[in-house]
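Please look through the notes below with the sequence and the model at hand. They are set out as numbered points.

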Amino acid sequence: MNSKGYAKTTVKSVIALLVFSSVLEISSRNIYNYLIFVATWLGLTFLYELYKYSTKYSLEEDGIHIKSPLKSDVIFYYNIRDAFMTEGFLQKRFGLSSVYVITPKQAIAIRDLKDGKEFLNTVEDHIGRKR
């Protein structure tokens, strides 16, 4: 994930925090509890961003290689049934996109790509060669 991906994730987290905070009754008596809540929220956001950063996707000759702290996987091109790209509101603002790869057993979302169209075109080229 690139720096724009971090910024997008942080913006989404802060928006959710503000929405959630708007329904809380914050007073001088419970301000410390609220500050602990905010610190926990931002800490969990940081851990999520760290996990997203550590997940790597690479396009190889045989398929898409996914390496994350929890698992490694290969999605072979001959198993891919469909691939498409989406751009959400914040992704458009940050110049990012997501590519979804559909196989008979699962759908894989590759989120917050800076060059999503290029990634999708490469996958589609490989799919066309394997069919």
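1. Where is Leu 24 found? Leu 24 sits in the loop between helix 1 and helix 2. Helices here are DSSP runs of H or I with at least four residues, strands are runs of E with at least two, and both are numbered from the N terminus. Leu 24 has a relative accessible area of 33%, so the residue counts as partly exposed. (Buried means under 20% relative accessible area, exposed over 50%, and partly exposed in between, with a 1.4 Å probe and protein chains only.)

2. A word on the basis of these notes. The model is predicted: local features need pLDDT of at least 70, side-chain atom pairs count only at pLDDT 80 or more, and totals for chains, interfaces and linings use all residues. Residues are numbered from 1 along each chain as its sequence is written, and side-chain values use heavy atoms, with hydrogens and water left out.

3. Leu 24 also belongs to a nonpolar surface patch of about 670 Å², together with Phe 20, Val 23, Ile 26, Ile 31, Tyr 32 and Leu 35. Helix 2 gives the largest share of this patch, three residues. (Patches are made of residues with over 30% relative accessible area and no salt bridge; nonpolar side chains, namely Val, Leu, Ile, Met, Phe, Trp and Tyr, are joined within 5 Å, and like charges within 9 Å. Accessible areas come from the Shrake-Rupley method with a 1.4 Å probe, and for residues only the protein chains shown count as cover.)

4. Ile 36 is another residue of helix 2. Its relative accessible area is 55%, so Ile 36 is exposed. The C-alpha atoms of Ile 36 and His 65 are separated by 39 Å, while the two residues are 29 apart along the chain.

5. How many salt bridges does the structure hold? There are two salt bridges, a term that means a side-chain nitrogen of Lys or Arg within 4 Å of a carboxyl oxygen of Asp or Glu. In one of them Lys 8 pairs with Asp 112, with the closest N and O atoms 3.2 Å apart. Lys 8 lies in helix 1 (residues 3-22) and Asp 112 in strand 6 (residues 107-113), so this pair ties together parts that are 104 residues apart in sequence.

6. Asp 112 also meets Lys 52 in a salt bridge, at 2.7 Å from N to O. This pair links strand 6 with helix 2 (residues 31-54), and its members are 60 residues apart. Lys 8 is buried at 6% relative accessible area, and Asp 112 is buried at 3%. Lys 52 is buried as well.

7. Three strands form an open antiparallel sheet in the order 1-2-3. Strand 1 (56-59) and strand 3 (72-76) are at the edges with a single partner strand each, so one side of each has no neighbour in the sheet. Neighbouring strands are turned by 15° against each other on average, direction ignored. (Axes are lines fitted to C-alpha atoms, for helices over the stretch in contact, and angles run from 0 to 180 degrees between N-to-C directions.)

8. Strand 2 (residues 63-67) is joined to strand 3 by five bridges, and the two run antiparallel; two strands pair if DSSP finds at least two bridges between them. Ile 64 has Ile 75 of strand 3 as its bridge partner.

9. Ser 68 is placed in the loop between strand 2 and strand 3. Is Ser 68 buried or exposed? Its relative accessible area is 14%, so Ser 68 is buried. Leaving out residues up to four places away in sequence, Ser 68 touches Tyr 51, Ser 54 and Thr 55, where contact means heavy atoms within 4.5 Å.
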